[in-house]
Amino acid sequence: LGRVTLTPNRVPKRIKQDELRKNANISPVDDDYVLRVWLFAGSYLPRGRPIMIEVEFGGARLSFGPATRLSGDFEFKRAKEALRRLPDDPAQLPDVYVYLVVPLLATGSRPVRVAYIRYAAVDLLERTDRPWEDPVWTPLEETPGFNAFPDEGQAAGHLLLGVLMRRARDVVDLPFDPDLSGLFKHQARFELVFRLYLGKNLPAADDTGSLDPYLMLHCGNRRLRTDVKMQTSHPRWYTQYSLEVKLPVLNVDLGPRVLLYLWDRDTLTHDELCARTSFNLGTLSRSLADEHVEEVDLRWHKPGDLNASLLCSLTLVELSGYDISPPRPIELKGAHCVVEIIAVGCRGLEPRIAGSLNKPYVTFDLGAGGDYRRLRRTEPSSAPSSMNP
């Protein structure tokens, strides 16, 4: 989580023995730098515990909080700055760290830095955006060793913040207002409409090579759960779900990111998290007449690590005195068709566990989900061999 800047040099032996030269202080050319942090809000942070955010840069520390919200949503609405004299060479500048600090039972309720965001100082100096106008929801990375987030694969929380670092002479004309509370005034009720059509190539979670998928959609402290589809990696929902959220009217970007988790239901043990994705409220369509249906890629740790996707749409509609709609099926125009599959054979099959294959067969999942009578499967075969039927 840190780095040390060193410059090794080979010197004659006589200089090594010279204590005055050996212990001489190095004083690089330095300059004044200003770090400004606009911390607007936090979402999906640990619930029921005092939350603090600490920012460290070159020995300076900026603290936000503490704050406690049972819902898990936090509004900090503050901006702070620090002035430090540091090396003139940007390559020698320390990184900027943003820490999530919470008390843990394992440490006797002592506050611990359980998650962080890391910024390279060189990258911050090169940025030309206006972070006080366009803050970004940024995910926190869990600090190893504390196990503060027991749900594996789920985010350690998000912070809506903007970070700016400049040489002191370059920030004189830039605006800076420590109070950000005005941005959260004039909130209104919105309906987040989630139209879920189908899933493709969802990752296997059961011994059968399939899963019992359902989705959990989170928007701040609000959430909804879809129906469970049994024993299929290609489920079909064709259902519309709705969720009521409260957001700033003038800038819905200040609302939390929408998190979507794919789960596998397990009746014997705990349900298993299989994949996830997220959405920015500010990019969503604002009318059901302009619904934007897209194939959304799912991931586990990073984009591209799964070949799974969902066909769905998210629409944000401002409510005007009516309640949100209950889940209802999506009626699509279509026609009956026939899918013909010619199964010739397999080559080079190997058993998944110790032993040998008996009479393998192939099952074709057509997205029916759960109705085994509608799953198409071949006859078992061991000719000419069970490994090459």
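**Both R167 and D31 are buried in this predicted model (buried: under 20% relative accessible area; exposed: over 50%; partly exposed: in between; 1.4 Å probe, protein chains only).** The two residues form a salt bridge in which the closest N and O atoms are 3.1 Å apart, the term standing for a side-chain nitrogen of Lys or Arg within 4 Å of a carboxyl oxygen of Asp or Glu. Since R167 belongs to strand β9 and D31 to strand β1, the pair ties together parts that are 136 residues apart in sequence; strands are DSSP runs of E with at least two residues, helices are runs of H or I with at least four, and both are numbered from the N terminus. D31 and R167 also belong to a network of salt bridges that links them with D88 and R169. Residues are numbered from 1 along each chain as its sequence is written, and side-chain values use heavy atoms, with hydrogens and water left out. As the model is predicted, local features need pLDDT of at least 70 and side-chain atom pairs count only at pLDDT 80 or more, whereas totals for chains, interfaces and linings use all residues.

**The side chains of D95 and R118 meet in a salt bridge, at 2.8 Å from N to O.** D95 sits in the loop between β4 and β5 while R118 sits in strand β6, so this pairing ties together parts that are 23 residues apart in sequence. The two partners fall into separate accessibility classes: D95 is buried, with a relative accessible area of 13%, whereas R118, at 41% relative accessibility, counts as partly exposed. A search of the whole structure finds 16 salt bridges.

**E75 and K77 are partners in a salt bridge whose closest N and O atoms are 3.6 Å apart.** E75 is partly exposed, its relative accessible area being 32%. K77, with 22% relative accessibility, likewise counts as partly exposed. Side chains of opposite charge can pair when their charged atoms come close.

**The largest nonpolar core has 37 residues, and those with the most contacts inside it are I53, L100, V114, L159 and L161.** Eight elements are named here as giving two or more residues to this core: β1 (30-43), β2 (51-57), β3 (60-67), β4 (74-87), β5 (96-104), β6 (110-119), α3 (121-126) and β9. A core of this kind is a set of buried Ala, Val, Leu, Ile, Met, Phe, Trp, Tyr and Cys residues joined through side-chain atoms within 4.5 Å. Leaving aside neighbours within four places in sequence, L161 is in contact (heavy atoms within 4.5 Å) with V37, W38, L39, F40, V98, I117, Y119, P135, V136 and T138. Apart from this core lies another, of 32 residues, and among them are F194, L202, C219 and C274.

**One cavity of 30 Å³ or more is counted in the model.** The cavity is a set of points, on a 1 Å grid over the protein atoms alone, where a 1.4 Å probe fits but cannot get out, and lining residues have an atom within 4 Å of a point.

**R130 is placed in the loop between α3 and β7 (136-139).** At 38% relative accessibility R130 counts as partly exposed. R130 and G162 are 32 residues apart in sequence, while their C-alpha atoms are 8.3 Å apart in space.

**Q231 and Y238 are considered together for their backbone angles: phi of Q231 is positive, about 50°, although Q231 is not a glycine, and phi of Y238, also a residue other than glycine, is near 50°.** Q231 is located in the loop between β12 (222-225) and β13 (236-248), where, at 17% relative accessibility, Q231 counts as buried. Y238 is found in strand β13 and is partly exposed, with a relative accessible area of 28%.

**A cis peptide bond, with omega about 0°, joins A383 and P384.** P384 lies in the segment after β20 (376-377). As context for this and the other views, the secondary structure of the protein chain comes to three helices and 20 strands, and of its 389 residues 40% count as buried. Among contacts in the protein chain with a separation of 6 or more, 69% are between residues 24 or more positions apart.

Methods
On a 1 Å grid over the protein atoms alone, a cavity is a set of points where a 1.4 Å probe fits but cannot get out, and a pocket is an open set with protein on both sides within 12 Å along at least five of seven lines; lining residues have an atom within 4 Å of a point. Grid points are joined across faces, edges and corners, and a volume is the space filled by probe spheres set on the points.
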